[in-house]
Amino acid sequence: MGDARFYDRRAVLRLGLLTGAAVVGAPLLAGCGDDAEPAGGPSGGGGASVPSLKIGAPHAVTDSEAGNPLATSIGATLIVMRHVYDSLMVLDNGEYKYQLAESVEPNADATEWTIKLRSGVTFHDGRPLRAADVVHSLRALGTKPSNRASVYALVDLPKITAVDDLTVRVPLLAPRGDFKEAVLVVFSPIFPEGLTDFTKPIGSGPYTLAERSGTTTRLVANEQYWGGRPTVDELHVVGILDAGARLSALKAGQVDYAIGISATGARTEAANSELVVHRGGPANANALSFAMNQKLKPFDDPRVRQAVRLAADRQALVDNALLGYGTTADDVVGMKLPGYADLPPRARDLDQARRLFAEAGVTALTLRTGEIVPGMLNASRLLAQQLKEAGVELTLEELSPDAYYADLMTLATHPFQAFYYSNRPAAVHLSAVTHAKAPFNVTGTSEAYQGKLAAAQATPDDKAREAAFRALQEEFYAEGGDLLWGFQEQLDAGRKGIEGVRMVQSVQLFDRVTGPA
Amino acid sequence: MTGLRFLVRRLGAAVATLFVVAVVLFAGSEVLPGDAASASLGPDATLEEVEQRRAELGVDRPWPGRFVEWIAGAIRLDLGVSSVSGQPVVDLVAAPLAATGLLVAVTAAVSVPLAMGLGLVSGLRRDGRLDRTLSAVAVVAVSIPQFVVAGLLVLVFADLLPVLPAISLPPLGGTALDRPEILVLPVTALTLFGAAWASRIVRAAVIDADATPHVEAARLAGLPERVVVWRHLLPAAVPPCAQTFAWLLSGLFGGTAVVEVVFNYPGLSQTLVAAVRNHDTAVLEGVGLLLAAIIVVAFVLADVVVMAVDPRLRVAGR
């Protein structure tokens, strides 16, 4: 399974994600993920199996979202969805892996893909997984009201066919060498043909949805799970909106694991011997940027973009705005994920920045900003000080988080703004965010760049495609519009002895968790 | 003016108030950027898809027709359908509204007698040591922001002395009443502010009533102090107190959000946050109107109480 080397892509930043993060201010809302391949058997460090685990998660699961892969948005709903359904492919620990698929192969020009399914998989109701189920699921996922329909925009949905019981043929509308990472890894939960009532979800995942009451959703282990029986008998996913309340509930023993705590909370509890703070690392992080639009003045001048990037002290930004719970970034999304070009660290060079600003005649800039993720406003204020040292006066135009994304269609019309992305594989990020029609194309990429992007996407050969995307990253690093300064890590906390929580594309999986022996 | 006419006038004013609130709520939803259609489809939706969704939701029609429909529905307790879940708003908000109602009711049951007692004691012992102490405590309690009070309560009673739950988590399939201890900290946080604030107004009302000629006459007539207070002073203090408690109730309904968030109480705040996130205007407008109706009813009831204890309102104009 480890032979699959593709790019993952977390789902396109959804409106729900954006506004949800804005309203609640939680840092972990950065996209969605897919289950890892169930390897079978516990991997939690030799602890005991757990009868019941209570998980505090941002956002309550609502009736309409619970168990409905067509309406999954953020936080707790993703966690529920990932435990109930298996996907065709997933990104696990930085590697693309097959889950329900056994192989996915293109034809010569990458216009048609053949998916071979794993045999011996059964749904919760005992029915075996068949190609017809996959055909049904992919069509449903690709059609409104599915909120992930755009992921399947390149698929010729009516022409998907079941070749035999375990083989599916998927024709595309145009050649795409990146079909696996751009589509299947992003979002491909499979449900049985004919399932329309998602309040009684049927998947093939390690858990079944047993009950939803108030803010709590109860999941029960699927004894017959093809990947091995889960180590936790029951999961209670409790929606707790406020990060402080999640930590309080953990300390009071009301939950065993708190998803998404603040950096302040992590620092405060660092010495607490009863709790363990879990850091997601760059692979499960928000990539924080001050985005410059290359099509708008003064950022149409590459010298200005370069000067801004050289004037920033990234380590100071991470240390102050993220309280050190992050990693410095070097202007390209995708660190610690497949296909990252591993570009050289961008060092601060004030002299060069001053010179470039002077040459371009820039002495003042305005930044649109807001607390869209915790720490962004502090980072913006610090950037203002850093730019002042380079001779530029930065004015901050502050907006409330809920107003920040109110008009998505005008997002790309601001010259300079604070922004955040999910950290996902560079190729997936560039494909989703920097193409001409993306509402989040806030760096205003050029037509020449977009031509190269389309060519890279269409390249059928994995190695050649990876090289093409590497070249795009290098171009973005050299001349792009992001001052991408830091990766804000996912921060969770759990009771001591709770081990084996997996982080897959920023979604926590608990099926192999063990407790204190 | 007879009592009936007084009541009819008050009810008329209440209906007019609700109508104005409805207009403001509707207008607010209209002018806010974005709508439920684009929110439910996401940023990748095409213009055609958004238009189609707008038609499905009925938000493409001119606003006067929609407003009239909404008002007509509201009169029949039909507040429309959530654009996200497709559920009727009334069904969607029933459980959270009941939960918030419970929180408010318990808080009022604790706050009102407490505020009456403290205000009475303070007012009767005006400028004494007890009055000054209570005043100082009340000013402090009113001044501290609620999220700080709530946080301190969690720190002390859930963390340092782990005797109460940090968050209000009802048992699966149950309500807060099945686990009453989860109400203690939220009610305490709300009561500290509510009782402190209301006790100051009760105190002032008691002092005013104490200075009225008929109370003075009762004292001069040699009636025992207990009789003076219970028969003469308290009834005179009731009208301002009734209004105060109506204010308190409305403040609680509108102001539990902070406490609900800190304690993760399963009330209206979570519904509202989700509705704001999804631009679910039907839910936002419905909850707004329901809250306004509850508040207006509270004030009408306060007026009825005032009428019951103030003979001038019953007989004036005869």
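How many helices and strands does chain A have? Chain A has 14 helices and 21 strands. The model is predicted, and the report below starts with confidence before turning to the parts.

**Confidence and overall build**

The mean pLDDT of chain A is 84. At least 70 is reached by 87% of its residues. Residues 1-45 of chain A are another matter: pLDDT stays under 50 there. The model still has 185 contacts beyond four places in sequence for that stretch. Where pLDDT is low, the predicted coordinates should not be read in detail.

Chain A holds 517 residues, and 61% of them are buried. Take the contacts in chain A with a separation of 6 or more: residues 24 or more positions apart account for 74% of these.

**A four-stranded sheet in chain A**

Which strands make up the open sheet, and in what order? Four strands of chain A line up as β4-β5-β7-β6, and their pairing is antiparallel. The edges are β4 (101-106) and β6 (161-164) of chain A. Each has a single partner strand, so one side of each is left without a neighbour in the sheet. On average, neighbouring strands of this sheet are turned by 25 degrees against each other, direction ignored.

Strand β5 of chain A covers residues 112-117, and β7 of chain A covers residues 167-171. Five bridges join the two, which run antiparallel. E112(A) faces P171(A), its opposite residue in β7(A).

A helix lies across this sheet. Helix α3 of chain A, residues 131-141, lies across β5, β6 and β7 of chain A. Its angle to β6(A) is about 165 degrees.

**Backbone details in chain A**

The cis peptide bond runs from K297(A) to P298(A), with omega near 0 degrees. P298(A) sits in the loop between β13 (285-292) and α7 (302-311) of chain A.

**Helices of chain B**

Helix α7 of chain B spans residues 146-160, which is 15 residues. From first C-alpha to last, α7(B) reaches 20 Å. That is close to the 21 Å expected at 1.5 Å a residue.

Which residues of α7(B) are buried? They are V149(B), A150(B), L153(B), V154(B) and A158(B). What do the buried residues of α7(B) pack against? Their partners include α5 (243-251) of chain A. They also pack against α8 (181-210) and α11 (257-262) of chain B.

Another pair of helices in chain B is α9 (residues 213-220) and α10 (residues 225-255). Their axes come within 9 Å and cross at roughly 175 degrees. That crossing makes α9(B) roughly antiparallel to α10(B). On the α9(B) side, the contact is made by H214(B), V215(B), A218(B) and R219(B). On the α10(B) side, V228(B), H232(B), L233(B) and A236(B) take part.

Note on methods. Residues are numbered from 1 along each chain as its sequence is written. Chains are lettered from A and ligands numbered from 1 in the order in which they are written. This is a predicted model: local features need pLDDT of at least 70, side-chain atom pairs count only at pLDDT 80 or more; totals for chains, interfaces and linings use all residues. Two strands pair if DSSP finds at least two bridges between them. Axes are lines fitted to C-alpha atoms, for helices over the stretch in contact, and angles run from 0 to 180 degrees between N-to-C directions. Two residues are in contact if their C-beta atoms, placed from the backbone, lie within 7 Å. The expected span of a helix is 1.5 Å times one less than its number of residues. A residue is buried if 20 or more other C-beta atoms lie within 10 Å of its own, exposed if 12 or fewer, and partly exposed in between; C-beta atoms are placed from the backbone. pLDDT is the predictor's confidence in each residue, from 0 to 100. Angles under 35 degrees count as roughly parallel, over 145 as roughly antiparallel, 65 to 115 as roughly perpendicular and the rest as oblique.
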